[in-house]
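User: Could you take me through the side-chain contacts and the surface of this model? I would like the cut-offs as we go.

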Amino acid sequence: VDERGPEILGTTLVPGGRQQLHAMLFLEICRHLAMARIEIVAALETHAHDLPPVAGVAPGVVPQFRMEPEMEVLLVERTLDDVVELLADEEPRNLLWIIGIDGARYQRAGAVGADHPARAVLHVLAAAASGFKAPYLDYHALAPEIVMAGVVCMVLLLDLFLPEHRKWMTATLGGFGVLGALIPVLTLAVSSQPARVMFNGAYVVDDYSLVLKALFLIATYVVILLSTTYVDEGDYYEGEYYLLLLTSALGMVMMSSSRDLVSVFVALEFLSIPAYMMAAWRKRDGLSNEAGVKYYLLGVFASAILLYGMSLLFGVSGSTRLADIGAAVRVDGGTGTALQVLAIVFVIAGFAFKVSAVPFHTWAPDTYQGAPTPVTAFLSVASKAAGFVGLLTLVALAFPAASDVYEPMLWVLA
């Protein structure tokens with residue numbers, strides 16, 4: 001409070017003004033928590049064991065506060081919005097009294113005593129905030145994704161300023177960017193570190209993911225080479241085309257390292273949504289429009305089925321990490337529940353749509369026929385491979401003890 005209070009609150013300390021700064025800091029904490037819709041009661045209950053001794057209050061019990069004249073309220077009965085509403089309209093000189101601090105006694109003592117309820121609340125809020133730990137980031141492991149994201153932004157900006165006859169430069173930039181993203185893949189492959197785990201196991205860079213990243217990047221580079229003359233001579237929008245192509249490739253690179261339901265689904269949609277638009281890139285061609293509409297509608301339908309299955313998996317396991325789901329979902333030998341079986345069926349069916357496996361393949365012929373030829377090559381190789389990667393990752397990590405359910409389904413799909 002003494003060192004950083006003026007910097008945080010924009011307040012200049014004056015003689016005898018520390019009590020006001022304490023109160024303003026408390027109010028500022030309340031406002032920040034209210035923005036996040038966090039109830040102060042949750043923080044107090046979670047960290048009740050951290051409460052310092054308070055005169056007249058049993059250990060672990062939330063102390064009482066005076067919020068208004070002749071009215072005492074237990075803070076556990078008030079949401080943070082209620083507290084902020086009570087404090088918001090008051091003058092700074094009244095804040096001490098509002099949160100239960102006797103201003104006159106405070107002036108004499110010079111500081112809040114260790115046994116005062118206000119000190120207890122500030123202590124609890126600090127304990128709640130100190131529980132957050134920044135996630136571990138391995139920038140070397142994330143280098144392919146970072147390079148691809150940077151290239152996407154550069155293509156977008158370059159397209160804004162290039163004249164029409166120089167739009168071909170976006171293809172050149174995209175191609176060199178994809179090759180640049182291959183460099184950290186190669187350096188990671190020769191690294192002695194076996195696996196790099198981030199975000200509490202939700203994102204893993206290992207040999208399996210590196211091989212797939214290289215596959216997706218090489219496939220994207222080949223498609224860029226195929227597209228250069230096709231898009232230029234066809235009088236199509238070039239900058240936007242390569243922007244969508246690179247964005248879809250970024251989703252594929254993310255899919256190979258995803259080990260969590262959230263990251264798997266985000267990566268899948270990241271690669272699918274640009275593909276919907278690329279399938280309809282020949283906008284003056286009725287077949288291309290048909291291809292885009294069918295691919296979009298059935299893709300959204302597949303995403304809904306997949307997401308429903310993922311929500312059931314989260315419900316039965318209580319976690320989105322694939323390793324935790326694999327430990328919770330046990331179906332072999334008739335030990336599983338109907339909900340677990342239904343979740344597995346929905347997830348596999350959703351991915352079967354994405355990879356156009358029979359009998360979920362009806363969208364593929366019309367989409368491949370109407371889409372531009374480079375896009376058809378991209379969808380039939382890279383996009384489908386990414387769908388298989390997601391399916392195999394889920395089967396291997398989330399359903400290791402559910403072979404009685406997924407084996408018959410994969411047998412039929414094959």
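Analyst: A patch is made of residues with over 30% relative accessible area and no salt bridge, joining like charges within 9 Å and nonpolar side chains (Val, Leu, Ile, Met, Phe, Trp, Tyr) within 5 Å. Accessible areas come from the Shrake-Rupley method with a 1.4 Å probe, and for residues only the protein chains shown count as cover. A salt bridge is a side-chain nitrogen of Lys or Arg within 4 Å of a carboxyl oxygen of Asp or Glu. The model is predicted: local features need pLDDT of at least 70 and side-chain atom pairs count only at pLDDT 80 or more, while totals for chains, interfaces and linings use all residues. Residues are numbered from 1 along each chain as its sequence is written, and side-chain values use heavy atoms, with hydrogens and water left out.

User: Which residues make the nonpolar surface patch?

Analyst: Leu137, Tyr139, Ile146 and Phe199 make a nonpolar patch of about 390 Å². Ile146 belongs to helix 8, residues 143-161; helices (H or I, at least four residues) and strands (E, at least two) are DSSP runs, numbered from the N terminus.

User: Is Ile146 buried, exposed or partly exposed?

Analyst: Ile146 counts as partly exposed because its relative accessibility is 44%. Buried means under 20% relative accessible area and exposed over 50%, with partly exposed in between (1.4 Å probe, protein chains only).

User: On to charges. How many salt bridges are there?

Analyst: The count comes to 9 salt bridges. In one of them, Lys167 pairs with Asp159, with the closest N and O atoms 2.9 Å apart. Lys167 is buried at 9% relative accessibility, and Asp159 is buried at 13%.

User: What does Arg259 pair with?

Analyst: Arg259 forms a salt bridge with Asp206, the closest N and O atoms being 3.6 Å apart. Arg259 lies in the loop between helix 11 (238-257) and helix 12 (261-279), and Asp206 in the loop between strand 4 (203-205) and helix 10 (207-233), so the pair ties together parts 53 residues apart in sequence. Arg259 is buried, at 7% relative accessibility.

User: And which residue does Lys354 bridge to?

Analyst: Lys354 bridges to Glu269, with 3.8 Å between the closest N and O atoms. This pair links distant parts of the chain, as Lys354 is in helix 15 (residues 338-354) and Glu269 is in helix 12, 85 residues apart. Lys354 counts as buried at 12% relative accessibility, as does Glu269 at 16%. Separately, salt bridges with shared partners join Glu290, Lys294 and Asp366 into one network.

User: Last topic: how many aromatic pairs does the structure hold?

Analyst: The structure holds 9 aromatic pairs. Tyr276 and Tyr296 form an edge-to-face pair, 5.7 Å centre to centre with 80 degrees between the planes. Rings of Phe, Tyr and Trp (its six-membered ring) pair if their centres lie within 6.5 Å; planes under 30 degrees apart count as stacked, over 60 as edge-to-face and the rest as tilted. Tyr276 is buried, with a relative accessible area of 8%, whereas Tyr296 is partly exposed at 43%.
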